[in-house]
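Please examine the sequence and the three-dimensional structure shown here before reading the report.

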Amino acid sequence: MSKLRIMSVFGTRPEAIKMCPLVRELASRTDIESLCCVTAQHRQMLDSVLNVFGIKPDWDLNIMTPRQTLSDITSKCLLGMDDAISALKPDMILVHGDTSTTFAGALSAFYHQVAVGHVEAGLRTYDKYSPFPEEMNRVLTSGISDMHFCPTVGNRENLLREGRTENIFVTGNTVIDALKTTVKKNHFFSTEELNDLPYQKKKVILVTCHRRENYGEPMKNIMQALRQIAEEHPDVELVYPVHLSPVVREAADRYLRGAPRVHLIDPLPADEMHNLIDRCYMVLTDSGGLQEEAPALGKPVLVLRRETERPEAVAAGTAKLAGVIQDDIVTMAKRLIMDKHAYEKMAHAVNPYGDGNACRRIADAIEWRYGLRPERPSDYEA
């Protein structure tokens with residue numbers, strides 16, 4: 001009997017961090033042929049993750065162009081996926097989360113009548129423009145998907161409320177699986193500036209800010225808040241790996257360049273980012289993935305957004321919504337910097353996102369769907 005052909009499709013750095021462990025898990029199964037197709041929606045940042053996990057794609061669309069639009073990404077993915085599906089002939093296509101690659105990959109699979117598995121399914125803000133375009137990407141992908149792999153029970157409840165009742169599996173988040181590979185206590189950074197930071201003597205705060213819905217006034221407010229935090233707290237060092245987006249780079253240069261104890265560095269490979277989280281004091285971010293990664297490493301998170309599709313972290317006490325108003329961000333950061341009790345309460349809250357076995361559960365569920373495993377795998381319980 002020929003092996004079950006499962007093709008994982010992804011294109012951005014965050015997707016790759018969460019999908020590479022799954023590609024490897026599927027490859028370890030004797031009854032599965034694990035295939036990998038990348039769109040390279042983010043070329044440089046994607047490649048760094050592939051290198052960390054030792055993944056060589058079977059198909060590479062290489063779609064990235066300077067200042068690409070959402071229409072550029074979606075149309076190129078759709079056209080490129082035609083060739084990939086025709087050549088690799090997968091039985092199922094796995095997509096992840098909420099990027100334009102995710103939606104286009106799922107839609108292309110539908111056009112070819114190939115089953116779709118949605119990893120990190122069921123996240124919702126219920127505002128189609130925030131995050132943009134991610135919220136609508138994941139809603140549309142849910143409508144196409146045949147299997148839904150939800151990180152949490154709350155994600156499953158979202159899908160049930162929408163009338164999706166079949167083939168929903170609670171697995172935990174695959175990013176927790178990734179941390180088992182990337183985080184090492186003796187890690188030596190390739191960026192010497194990171195090796196020289198006084199992690200034991202000062203409070204090193206990791207910052208990321210790049211989301212489209214924060215472009216303009218919100219990003220200005222965030223940048224000014226970061227500068228104020230650095231200026232008012234001599235015991236703080238801010239480390240900001242600046243996204244490659246020209247909009248983000250221009251804002252960081254304008255508001256933060258030259259600020260005291262603010263380190264503007266290039267984006268980091270996945271293993272470097274995870275090890276920096278492990279050594280930092282806390283995280284300020286508008287990223288989705290860091291809201292999951294940081295709690296797993298015991299680091300409080302202030303979310304630089306008006307809402308989050310990851311309310312489990314807020315409910316558990318590992319994250320707080322800081323919003324995009326300068327005074328609010330500064331006030332909440334100051335409390336964690338100055339108040340040891342408030343900090344410890346967040347740092348020691350229970351991480352709701354998994355036990356590092358999400359990839360195994362997903363692979364088990366796929367085998368069960370195709371009759372290769374007798375029993376439905378049990379769901380993850382936080």
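The report below describes a sheet, the helices and some of their residues.

## Basis of the report

The structure is a predicted model, in which local features need pLDDT of at least 70, side-chain atom pairs count only at pLDDT 80 or more, and totals for chains, interfaces and linings use all residues. Residues are numbered from 1 along each chain as its sequence is written, and side-chain values use heavy atoms, with hydrogens and water left out.

Helices (H or I, at least four residues) and strands (E, at least two) are DSSP runs, numbered from the N terminus.

## The sheet

Six strands form an open sheet with parallel pairing, in the order S10-S9-S8-S11-S12-S13. Two strands pair if DSSP finds at least two bridges between them. Strands S10 (262-265) and S13 (319-321) are at the edges; each has a single partner strand, so one side of each lacks a neighbour in the sheet. From one strand to the next, the twist averages 20°.

Strand S8 (residues 203-208) and strand S9 (residues 236-241) run parallel and are joined by 4 bridges; Lys 203 has Val 236 in S9 as its bridge partner. S9 is also joined to S10 by 4 bridges, again in parallel, and Pro 241 stands opposite Ile 265 in S10.

In a regular strand, side chains alternate between the two faces of the sheet. In S10, Val 262 and Leu 264 point one way, His 263 and Ile 265 point the other way, and all are buried (under 20% relative accessible area, with a 1.4 Å probe and protein chains only).

## A helix across the sheet

Helix H14 (residues 326-338) lies across S8, S9, S11 (282-285), S12 (301-303) and S13. H14 runs at about 170° to S11, where angles run from 0 to 180 degrees between N-to-C directions and axes are lines fitted to C-alpha atoms, for helices over the stretch in contact.

## Two packed helices

Helix H7 (residues 174-182) packs against helix H11 (residues 270-279) at an angle of about 95°, with the axes 10 Å apart. That makes H7 roughly perpendicular (65 to 115 degrees) to H11. Their contact (heavy atoms within 4.5 Å) involves Ala 178, Leu 179 and Thr 182 of H7 and Asp 271, His 274 and Asn 275 of H11.

## A largely enclosed helix

Helix H16 (residues 358-369) has 12 residues. Of these 12 residues, 9 are buried, so H16 is largely enclosed by the rest of the structure. Among the buried residues are Cys 359, Arg 361, Asp 364 and Glu 367. Just after H16, Gly 371 takes a positive phi of about 75°.

Note on methods: Angles under 35 degrees count as roughly parallel, over 145 as roughly antiparallel, 65 to 115 as roughly perpendicular and the rest as oblique. The expected span of a helix is 1.5 Å times one less than its number of residues. Buried means under 20% relative accessible area, exposed over 50%, partly exposed in between (1.4 Å probe, protein chains only).
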